[in-house]
Amino acid sequence: MTTAWSDEGTQEGIVVDLIEVEILADRRSPDDVGRLSRELNHACTGAVTPHQIAALLEAEGLNDRIVKQRYDRESVFVLARELYERVPLRRDTEPVPPAPVVSEVGRVPTAALVMRGPMYLVPLIFFMSASNLFDGAAMLTAGLLALFLGWSWNQAAGALTYRMVGRGDVPGARAMALAGLLIGVPLITAVVTLATWALFGDVLAPALFAAGQSIYLLGAAALLVFGFDRYLYLAVAPGLFLVATHVLLDGAPNWLATVGVVSVPLLVLPLVVMATQGRRWRSLATVRQVDLRTAAALGTLGLLWASLIGLAALSVATVDDVVATVSIAASGMVLTMGVAEWQIVRYREQVAQILVHTGDVDRFANLARREFMSTNLKMFGIVVAVTMVVVGSSYGLGWIDASGVALAGGFIFLALAFISGLTLVTAGRVAIPIAWSAFVGLEVAAGLVVFSIEPPMSAVAYAAACFVLFVGLFACAVYRVGQPVAHR
């Protein structure tokens, strides 16, 4: 089109140009969201997450009511997600600066993340102590069942809580964390109590133990989300001191360990209430904003991963003191979970920097995969070193036998499999680790039950299955991390 310019200036030409662009836009796409994507083209092409677009929409005065009326979408975030998926990422190639090693949620310092490893070992210590205080298969069943359900519930409730934090709705996240504790603990306790009553006729001791373990698992997870690490350490310290005193001193009364085991949930519960105090109840408004399907998928994944650890006990079921053997074998993995969390955070932040500053898709794929492999290699060296120290010294002292050593090797690969699985989850592919974990778990269970493999070969078979799980998840993660859409 030829623009007619007026003698008085360019005002007329500008108006004609704007009209022409608007007409062409109408012919190209009459969709309101399509128009909005072009109006926000610069912001949409540069957004690394939907939250950036959502923040821009809210800054422009768009709230959920306006978005529903004007664009027929449920909320600002739903509209931002659609814009984010419609518009491809475009960046200019620039040097990649080093990424800061800081947590995305709550900006938790690096040292605090690393120190979370020993905190994850606390349930194992108290499980060993409680199993000695309350003898019998009922307590072992109650402990394992509470562990499985607690891990599953944490994965699901944690997904909802982190989603609230990611959207900047910290009050909603606090309400979600408190609701997860208040609903999860009675539910898990009821299921464990009914199971132990049906199987063994025992009710009181398993119920109390399941309640205490659930309070700690769910409460500690809520506190760590909001950075209450120091308070959690203080709450756990008295119980650990009493349990350690009971273990180290010959002839020490059992009430020391009993008080230690009971004191932890009694001190953790008020901390959770303190972390969520002053917040009005927002459960219904919060649930409407979350993806319950994602939470259910993550809960299923948590249950599968807890079951994989439970299968370790089945592989050495005929060994004396199964709980101690499995706990010592898993200690290397558990002690390095804080380091694993730190490595994952560092990897995600580094890849986010690569994504922002890399315009070439092939170059991004190479850099992202190289970073992922480097993360796994570092984690492999760390978990092997810690496992060799703990398991090696335990084997030398006669606390475990060859079965425990073989089991520890399986836990090394299980730790690496968890890293690859979490990477796939953050890339939006939770179905892959669910399918792989279910397949490997069924294969291990069938092999141990049908073929009746005896230790230490059963532990070797378990370690081989964990290696297969790691290889499968690692291969899928390497493929996925090379795709920019996985990190946008």
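Residues are called buried under 20% relative accessible area, exposed over 50%, and partly exposed in between (1.4 Å probe, protein chains only). The model is predicted, and local features need pLDDT of at least 70, side-chain atom pairs count only at pLDDT 80 or more, and totals for chains, interfaces and linings use all residues. Residues are numbered from 1 along each chain as its sequence is written, and side-chain values use heavy atoms, with hydrogens and water left out.

**View 1. A nonpolar surface patch includes Val 450.** Val 450 is exposed, at a relative accessible area of 60%, and lies in helix α20. Helices here are DSSP runs (H or I, at least four residues), numbered from the N terminus. The patch is formed by Leu 314, Val 449, Val 450, Phe 451, Ile 453, Met 457 and Val 460, which together have about 680 Å² of accessible area. Two or more residues each come from α20 (431-450) and α21 (457-481). Patch members have over 30% relative accessible area and no salt bridge; nonpolar side chains (Val, Leu, Ile, Met, Phe, Trp, Tyr) are joined within 5 Å, like charges within 9 Å. Areas come from the Shrake-Rupley method with a 1.4 Å probe, and for residues only the protein chains shown count as cover.

**View 2. A cis peptide bond joins Pro 455 and Pro 456.** Omega at this bond is about 0°. Pro 456 is found in the loop between α20 and α21. Most peptide bonds are trans.

**View 3. Asp 72 has a positive phi.** The angle is about 60°, although Asp 72 is not a glycine. Most residues other than glycine have a negative phi. Asp 72 sits in the loop between α5 (64-71) and α6 (76-86), and counts as exposed at 62% relative accessibility.

**View 4. Glu 82 and Arg 73 form a salt bridge.** A salt bridge is a side-chain nitrogen of Lys or Arg within 4 Å of a carboxyl oxygen of Asp or Glu. The structure holds two of them. In this pair the closest N and O atoms are 2.6 Å apart, and both residues are buried.

**View 5. Arg 346 and Glu 371 meet in a salt bridge.** The N to O distance is 2.9 Å. Arg 346 lies in helix α17 (residues 337-357) and Glu 371 in helix α18 (residues 361-396), so the pair ties together parts that are 25 residues apart in sequence. Arg 346 is partly exposed, at 23% relative accessibility, whereas Glu 371 is buried, at 15%.

**View 6. Helix α11 crosses α10 and α12.** Axes are lines fitted to C-alpha atoms, for helices over the stretch in contact, with angles from 0 to 180 degrees between N-to-C directions. The axes of α10 (residues 170-200) and α11 come within 9 Å and cross at roughly 155°. That makes α10 roughly antiparallel to α11, a term for angles over 145 degrees. The axes of α11 (residues 204-225) and α12 (residues 229-248) come within 8 Å and cross at roughly 150°. This pair is also roughly antiparallel. The crossing of α10 and α11 is right-handed, as is that of α11 and α12; in a right-handed crossing the near helix is turned clockwise from the far one by less than a right angle.

**View 7. Ser 37 and Val 87 are 50 residues apart along the chain.** Their C-alpha atoms are separated by 7.3 Å. Ser 37 lies in helix α2 (residues 32-39) and counts as buried at 11% relative accessibility.

How values were computed:
Parallel < 35°, antiparallel > 145°, perpendicular 65-115°, else oblique.
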